[in-house]
Structure formats: structure tokens, C-alpha cells
Amino acid sequence: MKQVETAPLTPQGGRLAGYIHDAELSDAPRGPRPAVLVIPGGGYRKLVGREREPVAFEFFAAGFNTFLLDYTVRDQQHPEPVGQAPLAQALRALALIRENARDWNTRPNQVAVLGFSAGGHLAGSCAVLWDRPGLTGPTQGDSRLCRPDAAVLCYPATFTTGPYRHPGSVRSLTGEEDCSFFDLPSQINGDTPPCFLWSTVEDERVPAQNTLAFAQALQENGVPYELHLYTRGQHGLALGKAESGQVHPHLASWVRLCKEWLGELFDFAVSV
């Protein structure tokens, strides 16, 4: 395994760490790999540990090159609402993976984002808002370098307006200002990439309507997607393994299903 790290991603901050399959090892005949950019949640106030390295290593073991995004959150170091800074950093990370695809043994047209909760909102924002002016930063003049080729949204907070929004995320994003720019379901269009979504009926913190509305908008716009809605499971169970504080074998099936979905989408044989 080869490790890389790049920081800052934008003047506001952000860090990209990568775990790359070394092309010089014995499995080199596989050639370049698809990539997964993992985005942890935390209400835009922190970065949740169980949604970071454990997830990156899980998908690395399946054969993907994996990257981990640390983005600006509203904390003691940055007490003001974060606004568009996390999205600009995520888009820059996607462009950077493609710009370094040769050196990082990565397929530049097979780069997915995978996010949890507020990180799911950020991953969804990459999928929906990637071409908004003023967000992409230096991308060698091509904004499509910032468009993910697939998006995996895990119990995502896709609403920032209306009764099903996650108020804490909204406060950290914009404070008391209008947050409609970040409200995702209404902005999906035919150029949104294929998506894999899952949530639970029991999730009271980020209601499943966030996921269902996103899926409905994908359906209406002809965007391919796969949706899994589990009956049981509270918010934030990540992989459904011990790292989450609760082992949930049935819910953990999303990991295998997601690997298979990405493998089929990218024509890549995965280890599940």
C-alpha cells in the first residue's frame, strides 16, 4: 500500500489522504483501480472517527484505491458557519485525484464519493452541485474534473429546508441565513451521477424522508440508483461493525451490496 497526503485543498483548509494499491506489487496486472473518496459525517461540527479509516480500509480491501477527506467544520478553530468551504474542498479533492491519476494508479473516469450523514450531504452536494460557479477552484479549466462518477449516500441529510432537515447541520452550514442553496432533492438533474443510497426507518436524527426524496428525484430525472431502506438501526451505525459501538449484521449488508454495485458500475471485480 502506498500512502499520499495533500493539504490544504483550498485557502480555507481541507486535507486529502490516500491509500493506493501499489502498481509495482504482484497484483499489478490488474492495472489502475477505481477510487472511492470517503467523507465522514458529524453535523459539520466534527468528523466522526467510525466513518473515516474503518470505511476507507474496508473498500481498500475490496480492491479500490481509497481516499479520505478531512474538511472544514464549525468548531473552536472555525467558529463561523462553514458555508461553501466543505463543498469547495470536496470538489478540489475529486479534481486532484483525477489530476494525479497516473501517479496514483487510478482510473480517472471511475471516482466515487461515499459519505455519511452530513458527509452524505456533502457527497450528495458533489453529485448535484459540482458545476456551480465559483466552487471548483483550480481545475485546469475543466469543471467536469470535479464531477463524481458515482455517489454513495449513507443515512444522508439531503434536506436543508423543510420539516425533515437536520437543524444542527443547517446551523453549522449557514447559521441563520438562507440554506436553500444546499437543499439537494429539488436540484437533481439528468447530469447527476448514479447513486447508491441507504438509511433506516428507525433513524430519528436524520429521517428516512431525506433519502426517499433524493431517490424520488433521481427516478424523476432518469438517473440510475439503488436504494436500501432497513427497518431497524439508529443513526450513525457506519459499517454496522464493532467500530460503531453496535454490531448490526443485517444492516452491515449494505457494505457488500455497495461494493458489488460499484464493481458492476465500473466493470471491476471486487473482493466482498
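Start with α2 and α3: these two helices are roughly perpendicular to each other, because angles of 65 to 115 degrees get that label, while under 35 is roughly parallel, over 145 roughly antiparallel and the rest oblique. The angle here is about 70°, and the axes are 10 Å apart. Axes are lines fitted to C-alpha atoms over the stretch in contact, and angles run from 0 to 180 degrees between N-to-C directions.

A word on the source: this is a predicted model, with local features needing pLDDT of at least 70 and side-chain atom pairs pLDDT 80 or more, while totals for chains, interfaces and linings use all residues. Residues are numbered from 1 along each chain as its sequence is written, and side-chain values use heavy atoms, without hydrogens or water.

α2 brings P86, L87, A90, L91 and L94 to the contact, and α3 brings L122, S125, C126 and L129. Contact means heavy atoms within 4.5 Å. Sorted by type, these residues are eight nonpolar, one polar and no charged. Nonpolar is Ala, Val, Leu, Ile, Met, Phe, Trp, Tyr, Cys and Pro; charged is Asp, Glu, Lys and Arg; the others, Gly among them, are polar. Helices (H or I, at least four residues) and strands (E, at least two) are DSSP runs, numbered from the N terminus.

Next, the cores. The largest nonpolar core has 49 residues, and L16, L37, F67, L69 and F214 touch the most other members. Helix α2, residues 85-99, gives the most to this core: eight residues. Apart from it lies another core of 32 residues, including Y19 and L257. A nonpolar core is a set of buried Ala, Val, Leu, Ile, Met, Phe, Trp, Tyr and Cys residues joined through side-chain atoms within 4.5 Å. Buried means under 20% relative accessible area, exposed over 50%, partly exposed in between, with a 1.4 Å probe and protein chains only.

Now the rings. How many aromatic pairs does a search of the whole structure find? It finds 14. Rings of Phe, Tyr and Trp (its six-membered ring) pair if their centres lie within 6.5 Å; planes under 30 degrees apart are stacked, over 60 edge-to-face, the rest tilted. F59 and W254 have ring centres 6.4 Å apart and planes at 35°, so this pair is tilted. F59 sits in helix α1 and W254 in helix α6, so the pair ties together parts 195 residues apart in sequence. F59 is buried, at 0% relative accessibility. W254 is buried too, also at 0%.

F116 and Y155 make another tilted pair, with centres 5.8 Å apart and planes at 50°. F116 is in strand β5, Y155 in the loop between β6 and α4, 39 residues apart. Both pairs belong to a cluster, linked by ring pairs, that also includes F64, W198, Y230 and F268.

On to α4. Six of its eight residues are buried, and what covers them includes α3.

Last, the backbone. Most residues other than glycine have a negative phi, and most peptide bonds are trans. Which bond is cis? The one joining A7 and P8, with omega about -10°. Y44 has a positive phi, near 55°, and is buried, at 2% relative accessible area. N105 has a positive phi of about 55° as well. N105 lies in the loop between α2 and β5.
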